[in-house]
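Subject: Handover of the structure

Hello,

I am passing this structure on to you. Please have it open while you read, as the notes below go through it part by part.

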Amino acid sequence: MKKAISSIAALALAGIFSVTALAAAEPTVIDQNSPEPSGKADILTNVEPEFTVSIPGDTNVAFGAEHTDFGKVELVNARLEPGKAIEVSVESNGKLENSADNTKTIAYSLTYSSDMMDVPESLEFSVMLLKAGENFGLTIDIEAQEWEAAAAGQYSGTVDFNIACVDAPEGNGDGSHGDHP
Amino acid sequence: MKKKISAFLLCVSMIAASSFTAFADDPAVLTPDKPGGSASVSTEVPAAHKITVIIKGEGRITLDGSEGMEFDAARLSEPEAAVIPADGWKLLKVEYNDEDVTSRLTDGKFKLPPVNKDGVIKVEFDEEPAPPPPPPPDDGGKDTPPSTGVVGGISIGSAALLTAFVLIKRRSRNSTEK
């Protein structure tokens with residue numbers, strides 16, 4: 001029991017000393033001997049950037065559909081440093097593979113649209129989102145010939161999304177900016 | 001009572017735990033701590049397609065030997081359709097998915113292109129014109145309609161007059177020669 005009490009006391013003392021040490025990091029003393037009767041203290045803090053990007057969920061394409069809404073990517077909330085933006089990279093191999101035989105595939109492409117701009121047949125591209133609420137829609141495109149030639153069975157593929165905080169493009173502070181190969 | 005409350009709380013906690021697990025699998029949100037995610041795209045290509053038959057007129061159709069008005073054809077198969085008019089009818093036109101395939105028929109049969117979607121076969125039969133009535137059987141004139149006496153009478157009379165005229169002419173010639 002005594003050991004426990006002494007441990008707590010030791011911890012408490014250590015805490016007090018550390019607080020004192022912090023407070024004493026930059027002591028400022030003003031007295032009658034000071035050349036200037038004033039002083040200043042800087043208050044510093046660091047606000048970490050925070051952002052959340054929503055991406056489409058899993059999607060089932062109806063048989064024969066040439067254009068299927070894939071949902072949208074949206075910068076839901078953003079606390080960014082000035083001059084920064086969120087870059088969303090979208091990547092896919094452009095193939096839906098047959099679950100029984102992965103040599104049998106259905107080719108597809110992605111179209112993204114933002115601010116009335118449609119960019120078709122992209123399998124790898126990135127889009128910059130500058131502020132909360134900005135978004136772009138995605139469409140899965142499969143040509144009729146692909147459907148006609150496809151063998152029966154279940155098919156699936158994956159679209160990868162990655163986000164990064166990057167320098168915002170200069171002179172493009174109001175809208176999203178797409179970049180694709 | 002305490003047992004009931006405990007059981008209820010246990011159920012609630014289990015439901016909550018399972019729902020949290022499901023949410024954890026959802027890749028719908030990316031953050032600085034989780035900057036990558038993915039979404040799957042899936043589809044299903046059916047193993048068979050429905051072939052519907054529409055017939056105008058009288059006749060029937062078979063697909064790979066089976067008769068009916070609706071068939072299930074294996075995907076990418078090429079079934080053979082046979083068009084059979086009913087008695088007194090003839091084939092006029094065959095369409096497959098709105099394309100006229102009449103000229104492709106051989107002996108009333110044609111092979112469908114690889115089936116990759118539901119299809120419709122439209123067949124049009126036309127009634128053949130009625131055949132001409134058969135000639136009357138030769139029964140020795142028993143069944144011939146009775147003569148009016150006008151046409152037949154004139155013919156017989158004319159023949160008799162002609163014969164008499166010829167005979168008279170010959171006699172008069174013989175007498176002058178003598």
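Two strands count as paired if DSSP finds at least two bridges between them. By that rule, β3(B) pairs with strand β11 (residues 119-127) of chain B in the parallel sense, over 6 bridges. Please keep in mind throughout that this is a predicted model.

**Strand β3 of chain B**

Side chains of opposite charge can pair when their charged atoms come close. The search of the whole structure gives 10 salt bridges over all chains. Two of them involve β3(B) and are described here.

The salt bridge between B:Lys50 and B:Asp72 has its closest N and O atoms 3.4 Å apart. B:Lys50 belongs to strand β3 of chain B and B:Asp72 to strand β6 of chain B, so this pair ties together parts that are 22 residues apart in sequence. B:Asp72 is exposed, at a relative accessible area of 61%, whereas B:Lys50 is partly exposed, at 36%. A network of salt bridges links B:Lys50 and B:Asp72 with B:Glu70.

The salt bridge between B:Lys56 and B:Glu124 has its closest N and O atoms 3.9 Å apart. B:Lys56 lies in strand β3 of chain B and B:Glu124 in strand β11 of chain B, so the parts tied together are 68 residues apart in sequence. B:Lys56 counts as exposed, with 53% relative accessibility, because the exposed class begins over 50%. B:Glu124 counts as partly exposed, at 26%.

In chain A, A:Lys72 and A:Glu74 form a salt bridge, and the closest N and O atoms are 3.6 Å apart. A:Lys72 is partly exposed, with a relative accessible area of 41%.

**An open sheet in chain B**

Chain B also has an open sheet of 4 strands, in the order β5-β4-β7-β10, with antiparallel pairing. Which strands stand at the edges of this sheet? They are β5 (66-67) and β10 (109-111) of chain B; each has a single partner strand, so one side of each is left without a neighbour in the sheet. The partner of β10(B) is strand β7 (residues 80-85) of chain B, and the two pair in the antiparallel sense over 3 bridges. Within this pairing, B:Ala82 has B:Lys109 of β10(B) as its bridge partner.

The size of an interface is often given as the accessible area lost when the parts come together. For chain B and chain A this buried area is about 2,400 Å², with 55% of it on carbon and sulfur atoms. In chain B, the residues that lose the most area to chain A are B:Leu30, B:Val41 and B:Thr43, which together make up 29% of what that side buries. On the side of chain B that touches chain A, the elements giving two or more residues are β1 (29-30) and β2 (36-45) of chain B. β2(B) gives the most, with 10 residues.

Counted by contacts, 23 residues of chain B touch 35 residues of chain A. How many salt bridges does the rule find across the interface of chain B and chain A? The number is 0. Polar contacts are found there, in 18 residue pairs, both residues being at pLDDT 80 or more.

**Chain A as a whole**

Chain A has 181 residues, of which 30% count as buried. Its secondary structure comes to 2 helices and 12 strands. From the N terminus, the order of the elements is α-β-β-β-β-β-β-β-β-β-β-α-β-β. Among contacts in chain A with a separation of 6 or more, 74% are between residues 24 or more positions apart. The accessible surface of chain A is about 11,500 Å², and 53% of that belongs to carbon and sulfur atoms.

Regards

How values were computed
Residues numbered from 1 in each chain as written. Chains lettered and ligands numbered in written order. Predicted model: local features only at pLDDT ≥ 70, side-chain atom pairs only at ≥ 80, totals over all residues. Heavy atoms only, no water. Buried < 20%, exposed > 50% of the residue type's maximum accessible area, 1.4 Å probe, protein only. Contact = heavy atoms within 4.5 Å. Areas by Shrake-Rupley, 256 points an atom, 1.4 Å probe, with all protein chains shown as cover. Buried area = accessible area lost by both parts, 1.4 Å probe. Salt bridge = Lys/Arg side-chain N within 4 Å of Asp/Glu carboxyl O. Polar contact = N/O pair within 3.5 Å; in protein donor to acceptor, adjacent residues only side chain to side chain.
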